[in-house]
Amino acid sequence: MPPDLQKDKGAASSAPEVKFWNDPGKRALLFQGLLVAAILLFAWFIISNTLNNLEQRGITTGFSFLSETAGFGIPMSLIEYSEASSYGRTFVVGLLNTILVSVLGIIAATILGFIMGIARLSDNWLVAKLSSLYIEIFRNIPLLLQIFFWYFAVLRTLPSPRQSIEFLGSYLNIRGLSMPAPVLEDGFGLVGIALVIAVVASVLLSRWGHKRQDETGQILPTGWISFGLIIGLPLLAFFAAGMPLSLDHPELRGFNFRGGMTLLPELVALWLALTIYTGTFIAETVRAGILAVPHGQLEAASALGLPKTRTLRLIIIPQAMRVIIPPLTSQYLNLTKNSSLATAIGYPDLVAVFAGTTLNQTGQAIEVITMTMAVYLTLSILTSIFMNWYNKRMSLVER
Amino acid sequence: MKYETQKALPPPASTIGVLGWMRKHLFKGPGSSIATLVLGYLAVIWLWPLIDWAFISADWLGTTRQDCSGDGACWVFINQRLDQFLYGFYPEAETWRLDLSFVILMACIGWLVIPRLPAKGPMAVFTLVIFPFIAFVLLSGGFFGLEPVDTHKWGGLSLTLVLAVVGIVAALPFGVLLALGRRSHMPIVRSLSVIYIEIWRGVPLITVLFMASVMLPLFFPEGMDFDKLLRALIGITMFQSAYMAEVVRGGLQAIPRGQYEAADALGLGYWQKMVMIILPQALKLMIPGIVNTFIALFKDTSLVLIIGLFDLLAIMQAAANDPNWIGFATEGYVFVALVFWVFCFSMSRYSQHLEKRLHTGHGAR
């Protein structure tokens, strides 16, 4: 070994010559420290400005405004609400309305999306083409435009209440859809109890059926038996209790309908648009999920002699669902976030009544916007927690 | 004995030609036949009135609503308002500036999209870095003797394009930084990036726009006044960079680990490794994702009407409320829908085509 190299080695072992800015660990610490300092400085800049501005405009910060009287009406609420209610109550009313339209939209969009996604893979040329026509058209048009179309171009041109379109005891007019409302009378509880019993019995039956199949190889048509139980038992109870259900029919009084229940045109427009728009994305998700099942699986199933329906139920759907569910949940989340477009047509959802009217009346911009964002953020965090749990549960266990 | 090869028989008539095709694709089994007949009937009775309304009984020429017979669509409305739909309230003498910016943009995009043309890199840099300045000078004026045009006069399709293009171009660098931050080994950097990305991806764009329009003025000292368009652009950029970050992250994850290790082995530093080795490869893979984000943003720009900007949809809505043209909202919606559809559909087709072309089989998945 040359002497100079030996000398170097000795020097390195006694005193490290690495400058601290060349040491990755120390450099990372320095960089992160600088970053935190910059962010704190920026936050201080924003907070001090905000406090200054609020002081100048005479706005007091804090959440005490939530208990003040709101003083404005909301055309639709699922809970008791009047003009004398508080701003906190408007928040709850808006949140419930958001949840209502989201749940309705999720149910309808799932049904539409699954039908269209499967139809696009149909052997029948016409079915496949019509379904792709639907998907390609409605996926590429902004949701807000679709909401406007249904609301202003379709529902706003409906006749006045006096010239309502009548069908099945319901009346469709510019004020919305008035339908008979079911009124539960005494003894209806029996029907509910019957339904619970039927569901429990079906679950037990399907377990027993599985066990029996494992032991003897005989298949029990559990699906049909459960179907009969769940429909039949409550029906029996219903007649046994003397049909404890009556309908409250809407009646035209003066210029509007009284009684029954009325779906607001805003709700109908929003529901239609959300369903049709999100349905296209769900259809594409479903199609991708079905296509992701390898063809060998189908061939293996038919080699085992499984009939087509059982292949679908036991082989394709379980494997396709593994692929479909994660993007499906994110579509549900998108639908919920998109329901905030309600504010453009005046459906009283969270953004419309809280981030709109309440903000304008109180001027508490920061509190109101933060609360609104927090609601959506909570929903999305819950969804991603569910998705992680699901992915972990469903991921293939490889041995 | 004489053997003679017989001519091959023609295939059975029922499997070839129009009849064979119909038998295979429309009438395969009873279920399929019923579906074909029912859907075919419905399609004809629904589509025919639509075609009749949109083309055959429609009125195309004229100047006022009296020129519309009332049976079909009244495209006169669109004809009369077309300038407003395209340019908003931009002064008529200056609309050539919007046209010119649009032509330059289309030329840039055309150059980037056609595979045969050379010098993609410099062209991309021109489009992403230099073009925005050219467009800004052209649109807002105030330089080189161009008459300044206030942003509240901007509107229509040109405003929609400004919002979407600025949203994407400005979000790209932030998205790259956030994605690198999310994959960084420094815990504080990583968690800050994750928090930023998840917060913006978790809230609807409307609340972001509300925030930009009511909270932003509170954040800055008195007298520092943003105009409405700038506020919307800041909101859209913050929102969009979170989505962009996820696209970039997807691209970064698709690069095989060997590339990172090879760069390390060559002794490249972090930024050298990223800028010279990883990002050039990843960016190519990200283009379909970026195009898809752009489509989503392009559709979402219509939300700005809620904070009072007049994009294509809002200006149509305003025109349909004009007392002279009451009752022609449907025509307006159909026209606006068609414009959005043409843009979004062509972009999504391009992105699908690109995905196929880029799917060269390499990459860690």
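A salt bridge is taken here as a side-chain nitrogen of Lys or Arg within 4 Å of a carboxyl oxygen of Asp or Glu. In this predicted model, local features need pLDDT of at least 70 and side-chain atom pairs count only at pLDDT 80 or more, whereas totals for chains, interfaces and linings use all residues. Residues are numbered from 1 along each chain as its sequence is written, chains are lettered from A in the order in which they are written, and side-chain values use heavy atoms, with hydrogens and water left out.

Between chain A and chain B the count is one salt bridge, in which the side chain of Arg349(B) meets that of Glu136(A) at 3.5 Å, N to O. On the side of chain A that touches chain B, two or more residues come from each of the helices H2 (24-57), H4 (125-139), H5 (143-154), H8 (265-291), H11 (350-362) and H12 (365-394) of chain A, helices being DSSP runs of H or I with at least four residues, numbered from the N terminus. The largest share of that side, 14 residues, is supplied by H2(A).

Contact, defined as heavy atoms within 4.5 Å, takes in 50 residues from chain A and 53 residues from chain B. The area buried between the two chains, that is, the accessible area (1.4 Å probe) lost on putting them together and summed over both, is about 4,500 Å², of which carbon and sulfur atoms give 73%.

Leaving aside neighbours within four places in sequence, Phe85(B) is in contact with Phe77(B), Ile78(B), Gly156(B), Leu157(B), Leu312(B), Ile315(B), Met316(B), Ala319(B) and Phe335(B).
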